[in-house]
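Have the model open beside you while you read.

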Amino acid sequence: MEHKAGYVNIIGKPNVGKSTLMNAMVGEKLSIITAKAQTTRHRIHGILNAPEYQIIFSDTPGILDPNYKLQENMLKSARSALVDADILIYLTEIGEKIDPENPFIQKVAKSKVPVLLVINKIDTSNQEDVVESMGQWNEVLPNAEKIPISALKKFNVQLIFNRILEHLPVSPPYYPKDALTDKSERFFAGEMIREKILLYYKQENPYAVEVEIESFKEDPKLIRIFAFIYVERESQKGILIGNEGKALKKVGRESRLDMETFFQKKVFLELKVKVKKDWRNNERFMKNFGYH
Ligand SMILES: Nc1nc2c(ncn2[C@@H]2O[C@H](COP(=O)(O)OP(=O)(O)OP(=O)(O)O)[C@@H](O)[C@H]2O)c(=O)[nH]1
Ligand SMILES: [Mg+2]
């Protein structure tokens with residue numbers, strides 16, 4: 001039997017469930033998920049291997065109008081997903097306002113590769129609204145197959161998988177057949193910390209945060225991780241650390257537990273908060289953090 005392989009890129013607005021869908025397809029928690037928009041900042045590959053195929057899912061930052069340099073970089077990263085896909089999943093959520101003039105949607109409409117228009121979160125809706133939404137999308141993206149799902153409840157996720165297998169090109173694998181992702185252990189450790197910060201702090205504060213894994217040392221029984229948490233202002237540093245350091249301790253404890261599950265090993269984690277003024281507009285700083 002011929003081997004199939006290809007890239008399935010998941011794009012869409014912030015917070016529609018792109019990361020939840022990728023994790024459900026791959027069966028691992030690779031991408032962090034929160035109820036806040038703009039959780040994902042980098043493209044992350046999640047790889048599904050079987051003897052006869054390799055599917056490379058690409059989770060991307062949500063598409064938005066950029067207000068600062070970091071968001072410009074996030075948008076670039078989402079745009080790149082339009083170019084290198086073998087199959088595109090345009091993920092929307094039920095109730096999303098459709099703007100046919102949106103340049104992204106127009107590009108998707110002209111896509112040369114198969115497009116699956118996936119309507120997520122139907123667990124929060126009813127059949128009538130789902131049918132109506134599918135009809136509306138039919139007018140905007142007539143060539144795309146419409147699939148209503150719930151990524152959270154894993155409803156109809158199998159259907160997406162079947163369609164992907166039908167469209168997947170014949171190709172040798174792109175990654176080793178035991179690879180799960182393109183990202184390093186350090187990257188995931190940093191993301192687990194960022195997820196806790198998005199979950200536990202209010203308003204603008206979590207968006208001003210970047211995490212740097214300064215060292216990651218693994219011995220047979222233990223992983224020692226030292227991380228810097230960068231914020232933009234002194235006041236944010238105070239908020240992050242909290243009264244008697246309690247808030248930061250909670251971030252440390254919860255991140256460590258996640259890491260121990262993910263790496264299947266005991267973890268010793270140390271966190272330190274640092275101020276890096278206005279880093280979200282600092283190209284050099286962002287380059288160091290893998291934004292291009
Ligand atoms: N009810 C419901 N909630 C969902 C579903 N899928 C995702 N969510 C929730 O929607 C929120 C956003 O999910 P994410 O997977 O982080 O969304 P995203 O598109 O990756 O978001 P960004 O990375 O910010 O662009 C989270 O609170 C999820 O739990 C679903 O099928 N049903
Ligand atoms: Mg995401």
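What follows is a quick tour of the ligand site and the salt bridges.

This is a predicted model, where local features need pLDDT of at least 70, side-chain atom pairs count only at pLDDT 80 or more, and totals for chains, interfaces and linings use all residues. Residues are numbered from 1 along each chain as its sequence is written, ligands are numbered from 1 in the order in which they are written, and side-chain values use heavy atoms, leaving out hydrogens and water.

Start with ligand 1. Around it sit 23 residues, and Lys 18, Thr 20, Gln 38, Thr 39 and Asp 123 come nearest; to be near, a residue needs a heavy atom within 4 Å. By class, this shell has 7 nonpolar, 12 polar and 4 charged residues. A backbone N or O atom of Thr 39 lies 2.7 Å from an oxygen atom of ligand 1, and a polar side-chain atom of Lys 121 lies 3.1 Å from one.

Now for the charges. Side chains of opposite charge can pair when their charged atoms come close. A salt bridge here is a side-chain nitrogen of Lys or Arg within 4 Å of a carboxyl oxygen of Asp or Glu, and the whole structure has 14 of them.

| Pair | Closest N to O |
|---|---|
| Asp 84 and Arg 43 | 3.0 Å |
| Lys 183 and Asp 182 | 3.7 Å |

How exposed is Lys 196? Lys 196 counts as buried, at 4% relative accessibility, while Asp 258 is partly exposed at 26%. Buried means under 20% relative accessible area, exposed over 50%, and partly exposed in between (1.4 Å probe, protein chains only).

Definitions and conventions:
Polar contact = N/O pair within 3.5 Å; in protein donor to acceptor, adjacent residues only side chain to side chain. Nonpolar A, V, L, I, M, F, W, Y, C, P; charged D, E, K, R; others polar.
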